[in-house]
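The sequence and structure are shown below.

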Amino acid sequence: MSSRRTVLALILAAACWGLGTVVSKRAIAEIPPLTLLPIQLGSSLVALALLMRWRRIPFGDPAGSPDLGRLGVLNPGLAYALSLLGLVHITASLSVMIWALEPLLILFLAAWILRERIGPLLVALSVVALGGMLLVIYEPGSTGTPLGVALTVAGVACCAVYTVVTRRWILSADSTAQVVVAQQAYALGLAVVLVAALWFVGGAVRPESVSPAGWASAIGSGVLYYAVAYWLYLAALRNVPASIAAVSFYLIPVFGVAGGFLFLGDRLQPSQWAGALVVLAAIAVILRRTSAPTGSGGSGHYLGPDRTLGAP
């Protein structure tokens, strides 16, 4: 995959996650959160199976590390289950702000585990992007209990570890599609177990009534959020360091807020517009400098697995 296609894949993955969140808001109004997760994952797997059959990609465990597929238990399985449970105890805005820390956590883990060289310019621009992101998502009155914060932080940690470990192992896999299907199959298994456990203890798992729009939102968000987004993200992760791939996460709230503005009629404050511009500017600088080959007249670094922004 060329550097431009890699950048485009990361941007489109962020767009799918951001817009998928907007669509999920419609579905979660009618379907309990832990029940929605297996519906979304099941829809994703059906879409992926149809796409693999059309492209004649064989089914089966991905080649390479035998644990690559099992990482789906970590993300999207455990990560999103913890996040949904955390939402019971904290506000949605506080949850989003906690998730904003994920890219910085990935930077730390990539330097520690993968030995990626994280230059000071990448750290500085990431902090700038984080500041803009917080302007986009901040809402006064964001509160929550320590339990809710702990559950959400645990979900964020699962996602960060997933990106770093997947980056290490995915280069040995022959097919990105097989990786996505295997991981989401494991995640679906975990989601079904969690729903069964919740039903066993008397929790609410069956929706009282779901409209056609609710079912369409549940299925559509599953395809967008899991099938398309993860395929694009893992395809790009083959070609970039985890520290660079994580930068695209700053775009997710921008696309989410834009989707709410366009499709849900949400009104944006001036600070949110300013924050979006800050995020876009910081990421534009990062991607421009990492996608420009050295010697092209600039000081950029080639977008590849062995070069990172600001590293000597």
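How many cavities of 30 Å³ or more does the structure hold? The structure holds one.

## Basis of the model

This is a predicted model, in which local features need pLDDT of at least 70 and side-chain atom pairs count only at pLDDT 80 or more, while totals for chains, interfaces and linings use all residues. Residues are numbered from 1 along each chain as its sequence is written, and side-chain values use heavy atoms, without hydrogens and water.

## The cavity

The largest cavity has a volume of about 30 Å³. On a 1 Å grid over the protein atoms alone, a cavity is a set of points where a 1.4 Å probe fits but cannot get out, and lining residues have an atom within 4 Å of a point. The volume is the space filled by probe spheres set on the points, which are joined across faces, edges and corners.

Its lining consists of Leu10, Ile11, Ile244, Val247, Ser248, Leu251, Ile283 and Leu287. At least two lining residues come from each of helix H1 (3-28) and helix H12 (270-291); helices are DSSP runs (H or I, at least four residues), numbered from the N terminus.

## Thr152

Thr152 belongs to helix H7 (residues 146-170). Its relative accessibility is 0%, so Thr152 counts as buried (under 20% relative accessible area, 1.4 Å probe, protein chains only). Beyond its neighbours within four places in sequence, Thr152 is in contact (heavy atoms within 4.5 Å) with Gly86, Ile90, Ser95, Ile98 and Trp99.

## Cysteines

Zero disulfides are found in the whole structure, a disulfide being a pair of cysteine sulfur atoms within 2.5 Å. For Cys158, the nearest cysteine sulfur is that of Cys159, 7.1 Å away. Cys158 is buried at 9% relative accessibility.

Note on methods
Buried means under 20% relative accessible area, exposed over 50%, partly exposed in between (1.4 Å probe, protein chains only). On a 1 Å grid over the protein atoms alone, a cavity is a set of points where a 1.4 Å probe fits but cannot get out, and a pocket is an open set with protein on both sides within 12 Å along at least five of seven lines; lining residues have an atom within 4 Å of a point.
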